[in-house]
Amino acid sequence: MKEISSAIQIIPLDSYIMLSVALFSIGLMGVLFRRNIIAVLMCLELMFNSANLLLTAFSSYHSDPAGQVFVFFIMIVAAAEVAVGLSIVVMMKRNVESVDINLLNRLKW
Amino acid sequence: MNSEVMFYLLAGMILVFSVLTVTSRKILRAAVYLLFVLISTAAIYFMLEYTFLAAVQLTVYAGGIVVLIIFSVLLTSHISEKAIMADRKQSLLSALAVGAGALLTLLTILKFTFVPSALPAQTSTVTDVGNALISYERDGFALPFEVISILLLAALIGAIIVARKEKDNAIIK
């Protein structure tokens, strides 16, 4: 069996964890303070990406390639989410002539 | 050594471009910065020798989602339009909340010691992943694969229905 030559042996797992937490925090910041709804969707993509990165790192760490399949499924769900989200954005632009998220205030509790 | 340098370079690129994505006032530029983040992540997958995942990341994210986002940016806003940000108090509060959450998570996770697997590294080629996706035995993912394809189909049809113009119905009548 081929020796593991991949990055997970050289680079400690903590680096992956810290990178992923930082990426998630940046994405969450964006979701909280951007007001353009498309920008919010892009920040959601960043958060998805950090979760995928962490899942991949742990999958490699445990040398269990099944993690790949999970990340693949997450990517498909993200694609579905973006398609529906962007169609809602187009719809919103047509109806209220804006993509400002504060116009949807009445949806808030 | 070499791959260490490479990893930290990629990590730095991911962080810088994600900050630019969040803070850029021009929405089209933010989409391009997002593209760079996604490509750097694909490079990290390549370093971990997950070639299938890296290829899917490049085709689905960089090829599909970013193009979709750029299309909807062009449909909904003018290119030169400056984005409005939240007011100072709100962004300060959210920065505080996010910082506290990140700190708590890091403190909790880094205290935990993870045990690496004693198993030898398994190489997983594209063939292995493909076989796992259609196998219905143990370690097979045939049922989730079918369910997720139905989900994707339903979501795409739903997206078409939502974004369609209502007036077409009236014309047909």
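The model is predicted: local features are reported only at a pLDDT of at least 70 and side-chain atom pairs only at pLDDT 80 or more, whereas totals for chains, interfaces and linings use all residues. Residues are numbered from 1 along each chain as its sequence is written, chains are lettered from A and ligands numbered from 1 in the order in which they are written, and side-chain values use heavy atoms, with hydrogens and water left out.

Chain B contains seven helices and zero strands, where helices (H or I, at least four residues) and strands (E, at least two) are DSSP runs numbered from the N terminus. Its pattern along the sequence is accordingly written α-α-α-α-α-α-α. Of the 173 residues in chain B, 31% are buried; buried denotes a relative accessible area under 20%, exposed over 50%, and partly exposed the range in between, with a 1.4 Å probe and protein chains only. Contact is defined by heavy atoms within 4.5 Å. Among the contacts in chain B that join residues at least 6 apart in sequence, 51% link residues at least 24 apart. The domain assignment divides chain B into domain 1 (1–81) and domain 2 (124–166), such bounds being taken from an automatic or database domain assignment. The C-alpha centres of these two domains of chain B are 23 Å apart.

The interface with chain A may be considered next. It brings 79 residues of chain B into contact with 76 residues of chain A. The area buried between the two chains is about 7,000 Å², and carbon and sulfur atoms give 77% of that area; buried area is the accessible area (1.4 Å probe) that two parts lose on being put together, summed over both. On the side of chain B that touches chain A, the elements giving two or more residues are H1 (2–23), H2 (27–47), H3 (51–76), H4 (88–111), H5 (126–134) and H6 (142–163) of chain B. The largest share, 13 residues, comes from H3(B). By class, this side of chain B has 58 nonpolar, 17 polar and four charged residues. In that classification Ala, Val, Leu, Ile, Met, Phe, Trp, Tyr, Cys and Pro count as nonpolar, Asp, Glu, Lys and Arg as charged, and the others, Gly among them, as polar.

The interface does have ten residue pairs in polar contact, both residues at pLDDT 80 or more. A polar contact is a pair of N or O atoms within 3.5 Å; within protein, one must be able to donate a hydrogen and the other to accept it, and residues adjacent in sequence count only if both atoms are side-chain atoms.

A:Ser15, in helix H2 (residues 13–33) of chain A, is buried at a relative accessible area of 12%. The side chain of A:Ser15 makes a polar contact of 3.1 Å with the side chain of B:Tyr8. A:Leu46 belongs to helix H3 (residues 37–61) of chain A and is buried, with a relative accessible area of 0%. Beyond four places in sequence, A:Leu46 touches A:Leu23, A:Gly27, B:Ser18, B:Thr21, B:Val22, B:Leu34 and B:Val37. A:Gln68, in helix H4 (residues 66–96) of chain A, is likewise buried, at 0% relative accessibility. The residues that A:Gln68 touches beyond four places in sequence include B:Tyr50, B:Phe52 and B:Ser124.

Over all chains, the structure holds one salt bridge. The side chains of A:Arg35 and A:Asp100 meet in a salt bridge at 2.6 Å, N to O. A:Arg35 lies in the loop between H2 and H3 of chain A and A:Asp100 in the segment after H4 of chain A, so the pair ties together parts that are 65 residues apart in sequence. A:Asp100 is buried, with 12% relative accessibility.

A backbone feature remains to be noted in chain B. Most residues other than glycine have a negative phi. B:Glu49, although not a glycine, has a positive phi of about 65°. B:Glu49 is located in the loop between H2 and H3 of chain B and is partly exposed, with a relative accessible area of 33%.

Methods:
A salt bridge is a side-chain nitrogen of Lys or Arg within 4 Å of a carboxyl oxygen of Asp or Glu.
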